[in-house]
Structure formats: C-alpha cells, structure tokens
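This report looks at one helix and at a group of aromatic rings. The sequence and structure are shown first.

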Amino acid sequence: MTASPTVSATDAPAELIISGCTVLVHDDQERIGFEEDAAVVVRDGVVESVTSADAVRDLPAVERIDARGQVAMPGLVNCHTHAPMVTLRGIAEDLPTEEWFNDVVWPVESNLTARDVELGARLACAEMIRGGVTCFADHYFSMDAVAAVVDECGIRAHLGEAYFSSQGPQGREKSLEFALRHRGGAGGRITTALAPHAPYTVDDADLAVTADLAHEHGLPVHLHASENRDQAETSLARHGVTPIEVLRRTGILDTDVLIAHGSGILDRDLPVLAHAAGRTAVATAPRGYLKFAWPTTTPVRALYDIGIPVGLATDGAASNNSLDVWESMALTALLQKSTTGDPRWLTARQALHHAGPQSARAVGLGDVVGTIAAGRRADIILVDLTGPHTQPVHDLAATLVHSARSCDVRTTIVDGRVLMRDRELLTIDVAAVVRELGERMPALLDLSHGRRIQNYKT
C-alpha cells in the first residue's frame, strides 16, 4: 500500500475516490495480495494512490464511491475477440470448424455493412463493460466503425483491421492505414496493430511485408496462428514447417506479436517462441476450443516456463457465444489442471495474475493497466461478493476465480470515468441497439447469394 496522500486546503479535489473496499494488488514478483478497508484515489484518469479508507475520509473529491463489501480489481482485458460478431451469436451451432466457417460464418460475413459492424461493436462493448472488461483486443473488418464506438462509449481497445491475401495488396494497405490513423485515438485509449488473419489465409510474402511494415512504423502484429492441432499438423505435412515456424521465417516473430489461440503449438515450437526477437504473447479462449471439440488447449504452462505471457480472451461470440472473461479465467485454470494432471496448476492466484498483468502485457499495455497502483491508468472494476454463491469467503482468490460471475461486477471505470454504476450502463443504449439489429437481421442472414469472404482449408 502506498503512502497516504498529503491533504492541504489548496489541493484540487481528486477526480474520484473509491473507499472502504478490498483492493487486489500485485507485486513485482508476480504475487497478488489483498488490502482491506482500503481506498483508491484517482486524479486525471490515473491512480494517484492506494491507501487506507481512514486516510481519505476528509480528502475532497469530485466523485466518491462507497465500496464497502466489494473488491476493487484491475479491469479485465479481453486479449482476442471479434466484437462485432455478437450479431452472429448462435447462428452456427454444433458444427466442425470447417463447416462453421464455410457453410455459415464466412457467407454471412460477406453481407456485413459498416452499420452492422457498428451496432455489433456497440452491443459487444455493452456486454463487456457489464462483465468488467475495460480493454479488448479486436481483429475484424470495417474497424473505423469499431474505433468510433470505442471513442464514444469510453472503453479501451487494441484494434486491428483484418486482411487476407485474397484481397490483394489493398487489404494489407488498408490494415496499415487504419493502424496509423487511429493509433492514440480516443484520448489515448486506442492502440492499434497490423492484423493479417492467419498463416493459412495470408501467404508468406504478405506476412514478410507485414513484418517490414511493423518495424518501419513501430506497430505490433495481431493474428491467428496454430489455432488448433489440425492446422499445425497440416502445415507440417504440406510445407515441412509449423505455423509458428512460418512466423519465424517471415519475420513476424521479430516484431511485437499477439498470437490468438495457439492450441496447436507443438513442443518443437517452444524454442522458436522462446528465442523470438520481438515481444511475443498468446491469447487463450478455452470455451471455443471445447465447443469445437479441439483435442488440445493453449499450453499455458509450457509457455509460462519460457516467459511467454498468456492473456485471457473469449474470441468472437459466434464461436464462444459470450464475451465473458470471468468464464475464460475459470476455464483456463480448470483446463490447465486437467491437461497437466496437476491440481496445483493453475492456482486461483495464478489465474488472477493472468487476468491482470499478463493480459495487459499481452496487448502491449503492461506499463499502463493490469494493476491498481500509483501511476497506472484508473481502469478499475468493483465486484460485489455478498451474494449467496460467493459466501462464505474462506479464500478470496478462489472466490473471485471459481465462484464470482460477471454479473457480480457492480461498477466499471476506465481512465477514471465511470462507465457502469451499480449495474447501470451510462454510455450505451442497449435497447436501441437491439431494436435496430433486429430490423437488419433478415438481410444479414440471407445466404441466397452463395458467396463467402474466404474459404477455410487448413
């Protein structure tokens, strides 16, 4: 806990004071702790101090939140999603991956307009804010519309305009233009990346050019790679290299790269990732892997052992049906216990570290968010643990990971601005979004044209 703030008659009021809560804190050894009867002082969108409730009793503030009985946590980061795909939630159920893409999702996505993307992004941001997500990494199309929604609703985002090699050079150029134009947008809440789709849809030449552009413009890369074991084995059989090795030979691993999924990462890939010249991270979205019946999940423990941060993610709601990072946190912990055969891995405390600092590092914001500490941006959520499903509390970390739900988030704050207070969204009109989406749905779901945006074949 930092020192109590000095108070004087001439001090300007703090922007926000949250008091009476238990604060989840992290140290530089990747350990977590809980400060009870604590307070968080926010000034100019930044955490000024974490102190005791008594120390701020007489400190002037523009806004105060009495958070007794609640836990203050760093806002959750959804490290890989396709936010506008909430419009497709539930349209392609109980299908193998290839049929899911080719028969339903990619044909429907060929109908998407910028307005559909905007409405989907708005609904997704509402869902994430209500679930305690304060930042998300998005990889999709018509991303100008997503950036506009982020600017308006107050959330933080890491955005990339996706492209395929089938689009020709224009796709890659559009991804670069978007990244440069929106970098630092929304008052600094938007960061950007180049966003090639995957090694099976973007050829080596385009990946190599993307790596060069990333170096030239100081941009990271966000893409899918080794999503599942089938992709890795098919790549080996056809080309003699895994998708991860493709990233090495094309220079992508010399950039700062966020790899989505990685459930097909093989043992031979681990030294490749360990010796990557750039900052490399992986985003895991376990619910989708279970739905698709993929035989493996992201090898979190092996990646942890070589220093690769693994951030929590949901993927898009067309495959995951949900943007609930709480569920991703619990499933990640449970699947790691199951796949390693070790109930001591992942512990609840380790899972909370993945949800905080590791997820922030994965999207390149490790020095900005991910912990509640002086100097960090004030992305904070307040979690109510008074419900019957979270009582009694014997182990607070276990309660947060394995008992708490996204609906237990009472308040969501980004950059010191309250986006949801006592479960009331303050920046998005959900009813209006749902109404217009309903009107647009027949045109969006029309498959009579027989086209698709891409063909899935590993």
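In this predicted model, Asp203 caps the N-terminal end of helix α5, with a side-chain oxygen 3.2 Å from the backbone nitrogen of Ala205. The helix covers residues 204–217, and its 14 residues should span 20 Å at 1.5 Å a residue; the end C-alpha atoms are 20 Å apart, which agrees. After α5 comes Gly218, which has a positive phi near 65°.

Asp206, Leu207, Thr210, Ala211, Leu213 and Ala214 are the buried residues of α5. Down the helix axis they fall within an arc of 165°, so they line one face of α5. Among the elements that cover these residues are β8 (156–163), α4 (169–182) and α7 (243–249); β10 (195–196) and β11 (221–225) are also included. Ala205, Asp212 and Glu216 are exposed on the other side of α5.

Aromatic rings are the second topic. The count comes to twelve aromatic pairs. Two of the pairs are listed here.

| Pair | Distance of centres | Angle of planes | Class |
|---|---|---|---|
| Trp100 and Phe101 | 4.9 Å | 80° | edge-to-face |
| Trp106 and Phe164 | 5.8 Å | 80° | edge-to-face |

Trp100 counts as buried because its relative accessibility is 5%, and Phe101 counts as buried at 11%. Trp106 and Phe164 are both buried. Trp106 lies in helix α1 (residues 97–109) and Phe164 in the loop between β8 and α4, so this pair ties together parts 58 residues apart in sequence.

Note on methods:
Residues numbered from 1 in each chain as written. Predicted model: local features only at pLDDT ≥ 70, side-chain atom pairs only at ≥ 80, totals over all residues. Heavy atoms only, no water. Helix = DSSP H or I, 4+ residues; strand = E, 2+ residues; numbered from the N terminus. Expected span 1.5 Å × (residues − 1). Buried < 20%, exposed > 50% of the residue type's maximum accessible area, 1.4 Å probe, protein only. Arc of directions from axis to C-beta. Contact = heavy atoms within 4.5 Å. Polar contact = N/O pair within 3.5 Å; in protein donor to acceptor, adjacent residues only side chain to side chain. Phe/Tyr/Trp six-rings, centres within 6.5 Å; stacked < 30°, edge-to-face > 60°.
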